[in-house]
Amino acid sequence: MSRFSRRKRQTPEEQTSSKKLDKTLQNNLEQFKQTLGESTDIVIRTFKAGQTGSIDIAVLYTSGLVNDTIVHDFVLDTLMVQIRQTPLDTIEKDNYQLIKDFAMTGGNITDIDTTEKLFNHVLSGDTVVMLDGSSEAMAIDTREWESRSVEEPSTQSVVRGPKEGFTENLRTNTALLRRRIKDPNLWISTKPIGTKSKTDVAVVYLHGVADEKVVKEVTHRLNKIDIDAILDSGYVEELIQDETYTPFPTVYNSERPDTIAGGLLEGRIAIIVDGSPFVLLVPALFVNFFQSAEDYFQRADFSTLIRLIRYLAFFLALLTPSAYIALTTYHQEMIPTSLLVSLSAQREGVPFPAFVEALLMEITFEILREAGVRLPKAVGSAISIVGALVLGQAAVEAGIVSSAMVIVVSLTAISSFVSPSFNFAISIRMLRFGFMILAATLGLFGILLGLIILTLHLASLRSFGVPYLTPMAPFIVSDQKDAILRFPRWKLTTRPRLVTQQNITREDVEAPKPPKRSRRKKRKKQK
Amino acid sequence: MVTEKINGLQLFIMILLLELGSAVVLGFTFEAGNSSWLVIIMSTLGGIALYVLYTHLSSYHPTLLLTQAVRKITGPVIGFLIAIVYIGYFFYIAARVLGDFSNLLQLTILQGTPLLVVAGAFTLMVGIASYLGIEVLARTAEVLFPWVIVFGGLFLFFVYIDGLPDFRNLQPILDKGWKPIIDTTFPQGLTFPFGELIVFLMFFPYLAGSTNITRVGIMGVIMSGIILTITQVTILAVHGAETAKLLTIPLLETISLVNIQDIIQRMDPLVIITMIVLGFFKIALFFHAAIIGMHETFLIPRSKRIWLVSGAGIILIIITYMISHDYVRHIFVGLEIVPMYVHVPLQIILPVLLIGIAFLRHKINP
């Protein structure tokens, strides 16, 4: 074998494994303590077992990350009390294997032989049992720690529909998905990411429904991540998204298991990050950010109406201030005369041009909103008073802004809250200022200039290979049923075409109808 | 070489937007009097013939751009020259249309703004579009097309609801006989806008394999002919031929007449928005055709596109300013000189010659 290939084979081993465990327990323990800097949350319990007490055993675990009952009843009790009766030290056999095979009552046991694995297991909440004279140790799954229980999600709330939300615990989250999709094809693969944090990141998809290419692409992008710590799914999102320099999110996130399960059934792929209640979903399209879980729980006609309102709100939030600026500054002839008269009467005392006025109010509002989010809950009500009085009445009375401007800002603000996705609303907030500048420089033409460039930009975006504006551009007739409109459930028969090409048919239902009288008669005749 | 793909629907929409581009806004020529809508119908028929001619030309080398195909047909040296001529031609039309629209915007909503600023803003949009490529442009067309249709539909709806059109204005049909109609059909009506379809010879290779170019395109041409005819009839019926001749932007003058019970009034933005969107597409398609032609002819790699587009964009603004800062002269040249001496040779004569040569080559050397 050539030198080159040998070296190549060794490299991954060198990277992943550190030292092998020693045969002597004393050496192992000393090294363990030294590496951990004698951290106080690590518990090391050493004792002797066997009838004569000649076998040294050590039990290691991290306090707070383990279930104490399990450690006491199934590990310590087994080793210290029950084994005492067996003549371990007189039987000529491998003690380690014997204990593992006959005595240990833990459910999930892993053999470990390197120091790195030892640290991994101890620090993730496993209990490790080491025997003197054995170069292997066993890790017993005893993980349990304090965590938030399943609560109602604080974002994307619905009137009708399940009220469960994801938690910070990866396993709880996968369980929430499993409970909704009890199909053997729901595949979950987990991999630790982050050299220091070693956060578990799970890729969840419906095998046979999700596009294999996209699954591969997701795994590939996750594997490429080289970072010291993942503290939230936001880290992962930023590291795997298609385009960094865009105000629009190309990865969807949700706290709602029903939304994610719905996405999985459409052939999308979910990424769950341990420690974050926000689960990612790819590919994410423009229309997804206008869909709320509730659209599918309410009747179709109502949901369609609500969706149309969301699109309207999107344009209002984006364009109201700029349209106001353009109309009052450049195109007064387009405003009905009586309105124009009243507007100019209001603006008579205002010292600033419409653009400055609008900018002033919009920025004030953004500050107010940010303050409202960060403020301790107890003083939250103060914000609403300040907002309503200072921004509303007092500013107008002081003659700093016109009252029409207050209406414009309020309309914008309320409209931007309509979006079911918070991160999509942020992009509108940012773009709004750009449009205001364009409207102030070129009027209506400026707004259109911005809109056309925005459309070009949106059309150029892709999310994991799928054009962002699908199904509008490229136009797909069969996907219109769940884009801007929401068709009745019995018409939602196929999965989105560009998201997945396999297993397209979802259901085969006919429209619910009461049986026709004439048919019954015919059947009777046939009989 | 070609990795971007567009589909049949996108081609249809782009043909429609290109055809409607200047024509619907500037208004077709009203020289033929009461029956000038007949000019459009005849031009559409001629347009179909031209389109078939172009698809036939492209069928000799379906995977090659026009600038590549001419080199295959006429040999490297002459082909290179013809390719440069066509690139220059597309560029010139882009500049001419840009001049049209910048002037119109200056006349209507941006009275105080210098021509250079308006043209510059347009060029910015067009440059970004060209930088992002034909696929993105096609998708953008798909997104904006419904708006154009909705606004156009609203325009007609309001005009007819208000009872503005008076169809007696259209009578008598053929009051001056066929002569003025045929005179305006050729070369003016045929070459502008229908002859401009030659720009699609630069985009046919991007079409996804299964598309029937001829059928989709003819549908597009017929559809645009119908829309143009409806618009023309409406404008004629509202204003009468003699007044319509004098209007700068007939469509805008028509919508500003609409006033339904003092509720529906001042609908000018409908027309202005349509105008900007259509103008953008027309300029973008010609500009992009010139850009990909340059890429291919001068062997500029795709990675340098940002420089090519920026440079070409600046030159576009300069040329536009040179040819159209005098609007009257601009229009005169556009309607009287360009059709006869630029459009006819490049849209009709040269393609026919190319087909002839390609046919002979094919016969001799199959």
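In chain B, Ala94(B), Ala95(B), Arg96(B), Leu98(B), Gly99(B), Ser102(B) and Asn103(B) of α4(B) meet Leu316(B), Ile319(B), Thr320(B), Ile323(B) and Ser324(B) of α12(B), where two residues are in contact if their C-beta atoms, placed from the backbone, lie within 7 Å. By class, these residues are six nonpolar, five polar and one charged, with Ala, Val, Leu, Ile, Met, Phe, Trp, Tyr, Cys and Pro counted as nonpolar, Asp, Glu, Lys and Arg as charged, and the others, Gly among them, as polar.

Residues are numbered from 1 along each chain as its sequence is written, and chains are lettered from A and ligands numbered from 1 in the order in which they are written.

The axes of α4(B), residues 76-108, and α12(B), residues 305-324, are 9 Å apart at an angle of about 65 degrees, and the two helices are therefore roughly perpendicular to each other, a term that covers 65 to 115 degrees.

In chain A, the axes of α10(A), residues 300-329, and α15(A) come within 8 Å and cross at roughly 30 degrees, which makes α10(A) roughly parallel to α15(A), the word for angles under 35 degrees. Among the residues that meet there are Phe314(A) and Leu318(A) from α10(A), and Phe435(A) and Leu438(A) from α15(A); the contact has 17 nonpolar, three polar and one charged residues.

Turning to the two chains, 22 residues of chain A are in contact with 23 residues of chain B. Helix α15 of chain A, residues 422-460, gives the most to the side of chain A that touches chain B, namely twelve residues, and that side divides into 18 nonpolar, four polar and no charged residues.

Finally, a word on confidence: pLDDT, the predictor's confidence in each residue, from 0 to 100, has a mean of 86 in chain A, with 93% of its residues reaching 70 or more. Over residues 1-17 of chain A, however, the pLDDT is below 50, and beyond near neighbours in sequence this stretch has three contacts in the model. Where pLDDT is low, the predicted coordinates should not be read in detail.

Key
Predicted model: local features only at pLDDT ≥ 70, side-chain atom pairs only at ≥ 80, totals over all residues. Helix = DSSP H or I, 4+ residues; strand = E, 2+ residues; numbered from the N terminus. Axes fitted to C-alpha atoms, helices over the stretch in contact; angles between N-to-C directions. Parallel < 35°, antiparallel > 145°, perpendicular 65-115°, else oblique.
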